[in-house]
Structures are given as C-alpha cells and as structure tokens.
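This report describes selected local features of one model. Please consult the sequence and structure shown here while reading.

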Amino acid sequence: MPVLFAIDPRSGVPIYLQLTDQLKRAVAVGALAPGERLPTVKALAVQLTLNPNTVAKVYRDLEREGIIETAPGRGSFVTGNGTVDKTRVVASEVAQRAVREAVREARALGVPREELRGLVDAEIARWFPEDET
Amino acid sequence: MIAIEGLTKRYGTRTVLDGVSLNVPGGSICGLLGRNGAGKTTTFRCSLRLAHPDAGDARFDGEPLRTATFERLGYVPDRPSLYPWLTVEQHLCLASRAYRSYDGARARELLATYCLDPADKARALSRGQETALSLVLAFAIRPALLLLDEPTGGLDPLLQRATLELIIDAASNGASVLFSSHAVGQLERAADRVAVLRDGRVVLAGDIEALRAAEKIVEATFDDGVFRSDVPALQGVRRWEHAGAALRAYTERDPDAVAAALARAGARSVRVLDRNLEDLFMDAIAGESPR
C-alpha cells in the first residue's frame, strides 16, 4: 500500500482513532482507490508496529461504516459501490473533526466568536479564491 | 494463555511480590511496566519457577508449568544466560537438541535479521548481541507463549523495530506475549493491555484503550485566578486539582459536559486533555517511596 501512516503513541488521541482517521482520509482523497486491496491485519500491524487487535478493530469499524469490505479468504477491499457518495461523506466527516478541533482550541484560547468567524472566513477566502465574486 | 495468580515472593522480611495476578489471552500482548526494582523480573522468574514463589503460581494454557511447556514457551531473561565459551552456532545446536519444536530454517532467518555471526563466541558478543541471540533462541521454536523481560534492551533502533515486528507477528498468530520494557511509547503501540507494578503489587491493569478512555482531564482557567466556590458539583468528576490559575477536573465520563459546565461557571478558557499511557503510568507510580 503506497499510503503512509503516521501514528503517534504520545498523542492523546487513541491509536485506533488515529489509524481509522488516516485510512478514511486515504479513501477520501483517493490514495486508496475503490476496489483496492488493503494489507492484511497482520501485515499492517507488523508494518506499523501496532497491536494486531487494534488494527483488527479499525478494520471492523471501517467495515461497519461500509468503507471497506472483507471477502472471506480474499482479504479486505475499499468498497466499490456508490463510492463517490461514500467518499464525499467520509471527506466531510474528516473535515468536520478537524474543524471541531480548531473551534475547540480557539474557544480554549478565549478567542471571541466574531473574531473566530473572521479567521475562518479569511482561511476559506484563501483556499477557495474562485468562489470570491 | 498466560495466567499468573497471586504470585508472592519474600526475601527474608522483604516482600518483593505481593499477590501479583495477571492474564494474557492468546493473541494478546501485555506490557509489564514498573520502575527498577518494582518486581518485573521476579514476576518472570517466579512464573517460570526459576525462583520459588512463597504463594501463587502461573498457568500456561490452563496447565501448570511442566517440561513440555518449554516446547512452546520462549523466554528472554533480563540478563541473557549464555555459555561464554560456546559460539552462536553451538547455542543453536544445543537448542535444536533440546527442543523438538526447534525450527532450523527459522533460526537462520532470525540470525540474519539480527546480523549475528554464527562463528562468534558468546563472550565476544556485545550486550545488544547477547539479547539478540536470546531472542533468536526464543523465537526459533515458534512459541505460542512468550515471556520477554526487556527484550529490546541494548538493541539499536533497527533491531528494536525488528523485535517488535516479531512480537506482533507472533501475537497475530495467536501467541500470548508478556513483555516488560521501559519504552512506554513502544509498548503503547504494540501492546493491547498493560500491568503496572509498584513495590511488588499490580497497581494498574487492563485494556490500554479502556484505561485511556476511562479518564480525561478538563482544564479550566479563571480570569481572576480565583476559583469560584460554587464550582458546580459535577457528575463524574473523580477529583479536582489546583495548579496556579488553572483548575483540573479528572473525569470518568463525558468530558465535554464537564467542559461546558466549567465554561458556564465563568472559566475564561477550557480544554480537554487526553491521557496517554505514559501519563497513566506516571500516575500509577506517583508517590512511590524511594528505596
């Protein structure tokens, strides 16, 4: 799998969540294409030196969310059907989590609501210049 | 399955193990943490009857330790027990005669992994190479039970990684692994459960994710540096801690609700801190009396 995962055990974020998010992100940006085969739990656990039960849990969660499918004896694959929609949903979820973190941090730092809104608008204007009229 | 039950060991009047119990199911990696002298090595030694426990015992797949257990048990002691006058090759030869489960081809692979020269005498090996040879001998029988007492001690970063990969591979194949280390970050990646020893007792044990999820810290800062006396009696807050202008709530559930309540109580800033294994470990051993 050509995707790189960066797991930081020191971060307070649970390791299974870090891996779940990074796999979702890889699907959302197309780094893992629909129908692409994922490494086995064992291979990914060894590659990332993560506990196999942790990796198995991540696969189970992604399966339940319909992002990957497991065919007995053949391995796990990125879901092929309706993947364009799925990808949008996943992208939206990953983005929402990032926004939530940013807003929470701003709140913790005591940035007032209106100032925060201004900061967000400025970032949107910077990254979506074509939408400006 | 490794099941240690009530292990107790006294040397004279000193109790070094005091009712240590822990379970490592198949496919699981349990990290054994503790300061130097907390009883980690004695736990291994008493489990394997290399030291005689005053009470308690260890069972392997439901059975007491017997000679046959060693056919599927790999042990790496904290101080490698090698024969200084024998070569690496001769150590493998001894193991091949001692264990029916010894896999010669696997041993060759492991020698290559650890960059060991079969012709070297054990007395010429560095500390790390001694550990490496112990690991080769332990893994060459494809063990279903692994007791590893600081198996990465003295190894360079590449060989530490190779060792973790072997441990994870073994657990993927269903092995039970008990693994002591001071490298908390490494353990946090590789282990799914942990037991922390302090003065010969298990002071924290369980599933790492569950332990991490069980407690969060909500930290609030108040503008005037004065805490309101009417800080709400919040559900699920186990204890409060004052640190300068900050107030910390140790909470067992719903940290966001606690954070919101503190914000309503007039806190200028509020943040939720997740705790990693090192934090939990430091907490568990806090206040230990110096020996």
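## Terms and basis

Angles under 35 degrees count as roughly parallel, over 145 as roughly antiparallel, 65 to 115 as roughly perpendicular, and the rest as oblique. Helices (H or I, at least four residues) and strands (E, at least two) are DSSP runs numbered from the N terminus.

The model is predicted; local features need pLDDT of at least 70, side-chain atom pairs count only at pLDDT 80 or more, and totals for chains, interfaces and linings use all residues. Residues are numbered from 1 along each chain as its sequence is written, chains are lettered from A and ligands numbered from 1 in the order in which they are written, and side-chain values use heavy atoms, with hydrogens and water left out.

## Helix pair in chain B

Helix α2 (residues 88–98) and helix α3 (residues 104–113) of chain B have axes that come within 11 Å and cross at roughly 150 degrees; the axes are lines fitted to C-alpha atoms, for helices over the stretch in contact, with angles from 0 to 180 degrees between N-to-C directions. α2(B) and α3(B) are therefore roughly antiparallel to each other. Contact (heavy atoms within 4.5 Å) involves B:V88, B:E89 and B:L92 of α2(B) with B:A107, B:R108 and B:L111 of α3(B).

## Strand residues

B:K216 lies in strand β11 (residues 216–222) of chain B. At 17% relative accessibility, B:K216 is buried, a term for under 20% relative accessible area, with exposed over 50% and partly exposed in between (1.4 Å probe, protein chains only). Leaving aside neighbours within four places in sequence, the contacts of B:K216 include B:A249 and B:D274.

B:A249 belongs to strand β13 (residues 246–251) of chain B and is buried, at 0% relative accessible area.
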